[in-house]
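Here is a short briefing to read beside the model.

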Number of protein chains: 2
Amino acid sequence: MDLPPSPLARPFPDMPPIAGAELRVARARYKEWDRADLTFAKLAEGTSVAGVFTSSACASSEVELGREQVKLGEARALVVNAGNSNAFTGIRGREAVEQIMAQVAEALDCKPSEVLVSSTGVIGVPLPKDKARAGIAAVLDAPTCGWEEAAQAIGTTDTFTKGAQAAAMVGETRVEMCGIIKGSGMIAPDMATMLGYVFTDAAVAPAFLQELLSKANAETFSCITVDGDTSTSDTVLAFATGKAGNGELSSWEDVGADAFYAALLEVCRELAQLVVRDGEGAQKFIEIAVTGAKNDESARRVALSIANSPLVKTAIAGGDANWGRVVMAVGKAGEPADRDRLSIGFGGVWAAKDGQPLADYDEAPVARHLQGDEIRIDVDLGIGDGKATVWTCDLTHGYISINADYRS
Amino acid sequence: MDLPPSPLARPFPDMPPIAGAELRVARARYKEWDRADLTFAKLAEGTSVAGVFTSSACASSEVELGREQVKLGEARALVVNAGNSNAFTGIRGREAVEQIMAQVAEALDCKPSEVLVSSTGVIGVPLPKDKARAGIAAVLDAPTCGWEEAAQAIGTTDTFTKGAQAAAMVGETRVEMCGIIKGSGMIAPDMATMLGYVFTDAAVAPAFLQELLSKANAETFSCITVDGDTSTSDTVLAFATGKAGNGELSSWEDVGADAFYAALLEVCRELAQLVVRDGEGAQKFIEIAVTGAKNDESARRVALSIANSPLVKTAIAGGDANWGRVVMAVGKAGEPADRDRLSIGFGGVWAAKDGQPLADYDEAPVARHLQGDEIRIDVDLGIGDGKATVWTCDLTHGYISINADYRS
């Protein structure tokens, strides 16, 4: 099934090269298709790596290995296979990953643990070792390519190609940051896993890079949802090549650490939102801001309860400012709330305040807002200072068609 | 919008009268419709009551009051309003409930706390006191009616009328039990709240009745889901009039307690499954049995994670034995699981065992099973003795149409 681009798609941005990161793609033909499906990034010696991974208890071998590899903090290469997720494939799946790590390590004269591998695609079929071996051999000989080609090659069911970039001044040194991502639902046999990669030429100590990425993740990738389903393979990795020439960042006290984090947060937020914009069947992009919660984590849970509610998501699809369904989603979140302090608004207009519909509620501007494709829902719980913002999309016939009507 | 009966509907069963419970209905005209929408049950002196309620933090006044009333253990009347949920209506909503309680208490010469009230329908509009007052006056004068009429009158978006009955021998005494329920999604402004009522002529002490109902609830109403959304008004009440003449049941040691519980469990399970059979847009009834979990509660959480997964529900809608999506749903449940011990089957045929697809997996019988409208999914986690069974329905274009396309 080839889908047209999402109506919420964004054009691929201009993205500069990152010193110390060379991109290449090749055709491993993991599926019967004629496109690049193996992406390779060669990273300079001394590159730091950090990662965040799916919380799934049934994670793929790539994720299990990756969790250990990022603890070591150093990377020399990234390999991304598209068309086969290698998930739920037991020992044979793990052997395929280890083969790739060994083959690349030999070519680059590095440790296998410095070769990060991700796979996305059909579940339950071990990654074919012969195709992987030939694909790696081909990609090592391939010419270098740009970000858009790499972003295309990691995609599967994506309807558009996704990238984001930012720059920051670390002291007197300008550092660049580029990210690419794939994902459109959460998971399906032909596959919507979220895989994201951020590359920077900044010098950042591995432990601090991990701290920064984990913090950014909590405010971005952990704040998006399409259908509440979680892939067995979700992965975000950050690589810092150290080629920009800045003094290595190793703590928040370092000059430029705040600026670097701001750039990282910007790239991660844009990448996260791009995944939502490619949500299966999405017609509307929805931002949900919760304030007045007991604390920030409680606010995030309430916001995600709203964002994952099929009744809220179908109401938005229908252009219906249905605050009753928002009340329901707040109530079921299992977080502290007080019905009589709860306020709900759409597009900046309060519909209900302190547990009751507003007497002078003017539905006209709200109805106009709901006709657009960028929807804002505000919820104030009125009991504390906790706040969070999450992003999701509406639930439409398109979602059902993609996931029920067309079998792979 | 008038919908045709669900393809999964069941005919209303023959249900005997319950001594000590008199049913009446009337037209309060809470909405612009010409149907009975106020249901009244007059209960004999000495009737015990127990209840389970929504866990929503934004519950209606009816639920807030009901939680307190069932602690007192005695009931003389039940009033159910259909067409207005009275939820999110602040103090004015509470006053309307208290007015109904006072009016009925005066007529029956009982305490207001012995009058249980439920409401279901549009959110955010206080229940109109004048219509309620006239409706109560009319219903007190109305002729008595049968179970099917009462079950019709409590319905809102239900596409068929729902009841269940059972009998048990308590010592030498036969006791009867009849239940009615309404509900089809979880909640919506024109409204899919679940309200269920079980009546028996058995004599049961209030505290023990509560213990039995809570236990049955954990295995039945807490094990169904349509869309994972939870109403602000969900309520199940049990009334025991004591007119059968059995020795009062007050503990598990009493003769007949086990038989009585078995009957209660049977009625509750049937009522719960009827709600799923009327799930919005449902085309297939799905039973999900999880075994080998760490404990029973963990098994229930895993089963509900599968039952609430849009990707699993759309796969079933499409007749797709998509065990990869089941793996995903197990993984995201946040419960102990081991990918390499996980087994998944459909219709009694294992598709994957111990973390890998079965080499000799025969898809033909599974494909036939998936073409039917009663689907069984088995999941064995392989790590413990915990087990649970839950029921849900598939996710179809019908759900989207009901909740997005047609605005109330």
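**Contacts of T159(B)**

A polar atom of the T159(B) side chain lies 2.8 Å from the backbone nitrogen of S6(B). This is a predicted model: local features need pLDDT of at least 70, side-chain atom pairs count only at pLDDT 80 or more, and totals for chains, interfaces and linings use all residues. Residues are numbered from 1 along each chain as its sequence is written, chains are lettered from A and ligands numbered from 1 in the order in which they are written, and side-chain values use heavy atoms, with hydrogens and water left out.

- T159(B) sits in the loop between α4 (147–154) and β6 (162–170) of chain B. Helices (H or I, at least four residues) and strands (E, at least two) are DSSP runs, numbered from the N terminus.
- The side chains of T159(B) and D278(B) are joined by a polar contact of 2.6 Å. A polar contact is a pair of N or O atoms within 3.5 Å; within protein, one must be able to donate a hydrogen and the other to accept it, and residues adjacent in sequence count only if both atoms are side-chain atoms.
- Beyond its neighbours within four places in sequence, T159(B) is in contact (heavy atoms within 4.5 Å) with L3(B), P4(B), P5(B), S6(B) and D278(B).

**Annotated site**

- An unreviewed UniProt entry places the feature "active site" at T193(A). Such annotations may be inferred rather than shown by experiment.
- T193(A) lies in the loop between β7 (173–182) and β8 (195–200) of chain A.
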